[in-house]
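Please consult the sequence and the model while reading.

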Amino acid sequence: MKSAMTNQANPPKAGVAGDTRTPTGFASFLVRVIWAVAGPTLLIFLIFLSSGRIRLSQSVIEIVGAFVYSTMIAPPSVLLLSWMGHHYSKKYPRLVYLMYAPTLVCTATLGSLAGALLLQIAGVVPKGAYWIELRESLPFAIVISLIFGLSISTFETMRYKLQTTVLELRTRQVEQERAYKLLAEARLSSLESRIHPHFLFNTLNSIAALIPDDPQRAEDIVGRLASLLRFSLNASQRSMAPLGQELKIVRDYLEIEKTRFGARLRYEIDVPASLEFASLPPLALQSLVENCVKHVVTTRQQGGEIRVTASSSSDRIFLDVIDDGPGFSLEAISPDHGLANLIARMQLLFGEAGYLEVTQREDRNCVRLSFPTAP
């Protein structure tokens, strides 16, 4: 009987279809096996029937023969190709097809040996005709296995790449939305701190006190307050801001606070002009400076010193905010703290390449913001 056999399988969706240990992977494997057995069985039978090589009266026997060969060849082909695709498709995307071909030849050969034996045991193949049946069926089994196996493997690989691309795009979209949310929260937090009654009243009282004696400085403080509020409102419209603009906001904030603390607040900004076009998350540097004012200057009678510096390497920017306070640990920061929000934004924008660290330099506490020159 020249009833042949069958074909083959699909490479897995790496990590999903190729892993039969999970319920999803095992269900996918069963579907592939059923399809690989039923599809070729019907197709082979129709090919032989349309060619006139068998009569309709022999159809049951031919279907049984085709089904037996398909059953012997399809499951191991699906399993092996899925395993190979799961382990090697990413490492060797082109070479893996050269591995599929000999695998399909082996499974077709072994499946044909087993199929012919089962048909002889069942009496479909006469005794003594085993090798004749195998010689007639094996070439069909190999050819059909290669055609079906490689074709479906190519299709499944392309489908998997498409699904992976779609998943990556969706992941990026989710991360972008999260970044916008964090940025909005940072902007709101910054805006809330600007219009907080204590801050606003203190600033307005300072302005009122300056008007009789130094109206020019009072006008300057009003302008700085307006600039600070405007920047806070506009920060949500972009994910990055020039360092030069961020430094201006830091100066505005410190000058406003200096009208309140006077000599208790001492600061210095030492940033090379060449770095002012570097991009960083909006309000990042300002958040670090504000943290120093709140926890160093405000809490001590003698006030505190704040120094802002910047440096760069071939591909990184380093921003340091140094104060003479007692210091703190990042592990002790609560999730709703402004610095926690900043750390989350840094991770979304730069991944592991962007980070915040706290170190001690002699008797000074240093908070360093480090990120690549281009995100």
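A residue is called buried when its relative accessible area is under 20%, exposed when over 50%, and partly exposed in between, with a 1.4 Å probe and protein chains only. The model is a predicted one, in which local features need pLDDT of at least 70, side-chain atom pairs count only at pLDDT 80 or more, and totals for chains, interfaces and linings use all residues. Residues are numbered from 1 along each chain as its sequence is written, and side-chain values use heavy atoms, with hydrogens and water left out.

Serine 206 lies in helix H5, which covers residues 197-213; helices (H or I, at least four residues) and strands (E, at least two) are DSSP runs numbered from the N terminus. With a relative accessible area of 11%, serine 206 is buried. Contact here means heavy atoms within 4.5 Å. Apart from residues up to four places away in sequence, serine 206 touches Thr259 and Arg260.

Helix H7 comprises residues 243-261. Its 19 residues reach 26 Å from the first C-alpha to the last, close to the 27 Å expected, where the expected span is 1.5 Å times one less than the number of residues. Among the buried residues of H7 are Leu243, Leu247, Val250, Leu254 and Phe261. Just after H7, glycine 262 adopts a positive phi of about 60°.

Glycine 111 belongs to helix H3, residues 95-121. Glycine 111 is buried, its relative accessible area being 3%. Neighbours within four places in sequence aside, glycine 111 is in contact with Tyr69, Met72 and Ile73. Proline 76 is 35 residues from glycine 111 in sequence, yet their C-alpha atoms are 8.6 Å apart in space.
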